[in-house]
Amino acid sequence: MSLLQLSGVSKYFGGVKAVDVVDLVVNQGEIVSVIGPNGAGKTTLFNVVTGFNDPTSGKVTFDGFDITGLQPNQVTRAGIARTFQAVRLFKNMSVIENVMVGQHSRTRAGVFGAIVRPPGTRSEEKKITKRAREMLAFFGDQFPPRFHDELAAGLSYADRRRLEIARAMATEPKLLLLDEPAAGMNPRETEGLTALIARLRDELGLTVVVVEHDMRVVKGVSDRVAALDYGKKIAEGNYEEVSGNEQVIEAYLGKKHEDTRGREQAVAGQTETEGR
């Protein structure tokens with residue numbers, strides 16, 4: 001059953017075709033990776049799905065409903081959460097407060113409730129806090145309870161990445177979009193992230209779409225891979241099919257690669273270098 005469907009989606013910025021008539025279906029329970037060289041349109045595609053950019057043309061359907069052109073908060077309420085290339089945390093708020101913020105779209109207390117704090121608001125805040133602690137507990141030793149009240153600014157880069165994922169999880173999504181989650185991580189951290197993405201699907205039942213340069217992550221988690229170049233989808237299939245596709249290899253290397261024995265290694269080596 002398809003959860004997300006993009007039909008002929010395009011996004012143009014003047015004469016630049018950042019996304020150019022892309023069709024993509026993501027089925028419930030899948031992990032799908034979107035790859036491509038820098039400037040291929042991957043993040044713009046995420047921006048269109050999540051309401052940060054209105055599409056120039058095409059349609060975005062989620063869970064059977066047309067969400068084309070909705071605002072980001074409306075997309076979040078519909079059940080789509082995302083992370084960003086550049087980590088966007090509230091650095092002067094605590095770890096647990098950052099996760100609690102992720103539940104804002106699910107709360108009812110307004111300005112009056114925040115000021116007066118009637119019993120209903122206090123009860124809701126307790127539930128939000130409990131939910132946030134549950135999300136942090138999913139990460140095990142990375143966020144032990146003694147760190148929950150620490151400022152996000154004091155976290156390592158890898159933990160900031162994890163915290164952003166925890167905040168996205170707190171929105172209660174059906175679909176999670178991860179934009180280069182392994183960027184800046186060392187090999188050990190990348191291995192842990194790969195296992196985390198698999199757990200998001202296997203233990204929480206989330207559908208996940210990943211934009212990623214690190215092909216170790218892509219190979220480790222993907223049910224399917226879609227490749228973009230200059231805004232167009234140039235290949236789709238399992239990892240082996242896409243990593244060995246001539247158009248994908250040429251997109252990464254800039255010229256036709258004649259060594260058929262090293263095609264997958266060429267793509268993997270190039271993308272891992274970009275991800276560092």
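Which residue in E8 does Leu176 stand opposite? In this predicted model, Leu176 stands opposite Val208 in strand E8. The two residues belong to a pair of strands, E7 (residues 175-179) and E8 (residues 207-211), which run parallel and are joined by five bridges.

## The chain as a whole

The protein chain holds 276 residues, and 49% of them are buried. Its secondary structure consists of 11 helices and 10 strands.

## The six-stranded sheet

Strands E7 and E8 are part of an open sheet of six strands, arranged in the order E6-E7-E8-E3-E9-E10 with mixed pairing. Strand E6 (80-82) and strand E10 (232-237) each have a single partner strand, so one side of each has no neighbour in the sheet. From one strand to the next, the twist averages 20 degrees.

The pairings described here can be set side by side.

| Strand pair | Direction | Bridges |
|---|---|---|
| E7 and E8 | parallel | five bridges |
| E3 and E9 | parallel | four bridges |
| E9 and E10 | antiparallel | five bridges |

Individual bridge partners can be named for strand E9 as well. Val32 has Arg224 in E9 as its bridge partner, while Leu228 is partnered by Lys233 in E10. The hairpin of E9 and E10 has two residues between the strands, and Tyr230 there takes a positive phi near 50 degrees.

How many of the six residues of E9 are buried? Six of the six are buried, and the strand is mostly covered. In a regular strand, side chains alternate between the two faces of the sheet. In E9, Arg224, Ala226 and Leu228 lie on one side, Val225, Ala227 and Asp229 lie on the other, and both sets are buried.

Helix H1 (residues 42-49) lies across strand E3 (31-35), E6, E7, E8 and strand E9 (224-229). The helix runs at about 150 degrees to E7.

Thr207 is found in strand E8. Its relative accessible area is 1%, which is under 20%, and therefore Thr207 counts as buried. Beyond its neighbours within four places in sequence, Thr207 is in contact with several residues, including Leu3, Val26, Gly29, Lys174 and Leu176.

Gly79 is located in the loop between H2 and E6. Gly79 and Lys174 are 95 residues apart in sequence, yet their C-alpha atoms are 5.1 Å apart in space.

Ala158 has its place in helix H6 (residues 157-169). With a relative accessible area of 3%, Ala158 is buried. Apart from neighbours within four places in sequence, Ala158 is in contact with Met185 and Glu189. Ala158 and Gln142 are 16 residues apart in sequence, and the distance between their C-alpha atoms is 9.7 Å.

## Pockets and cavities

Rolling a probe the size of a water molecule over the atoms shows where empty space is left. The largest pocket has a volume of about 480 Å³. Of the 19 residues that line this pocket, Thr76, Phe84, Gly102, Arg167 and Thr171 are the closest to its centre. Helix H2 (72-78), E6 and H6 are the elements that give two or more residues to the lining. The largest share, four residues, comes from H2.

The model also contains two cavities of 30 Å³ or more. About 50 Å³ of space lies in the largest cavity. Which residues line the largest cavity? The lining consists of Leu4, Leu6, Leu24, Val26, Leu45, Phe46, Val49, Leu177 and Val209. Strand E1 (2-13), strand E2 (16-27) and H1 each supply at least two residues of this lining. H1 gives the most, with three residues.

Methods:
Residues numbered from 1 in each chain as written. Predicted model: local features only at pLDDT ≥ 70, side-chain atom pairs only at ≥ 80, totals over all residues. Heavy atoms only, no water. Buried < 20%, exposed > 50% of the residue type's maximum accessible area, 1.4 Å probe, protein only. Contact = heavy atoms within 4.5 Å. Pairing = 2+ DSSP bridges. Axes fitted to C-alpha atoms, helices over the stretch in contact; angles between N-to-C directions. 1 Å grid on protein atoms, 1.4 Å probe; cavity = no way out; pocket = protein on both sides within 12 Å on 5 of 7 lines; lining within 4 Å. Points joined across faces, edges and corners; volume = space filled by probe spheres on them.
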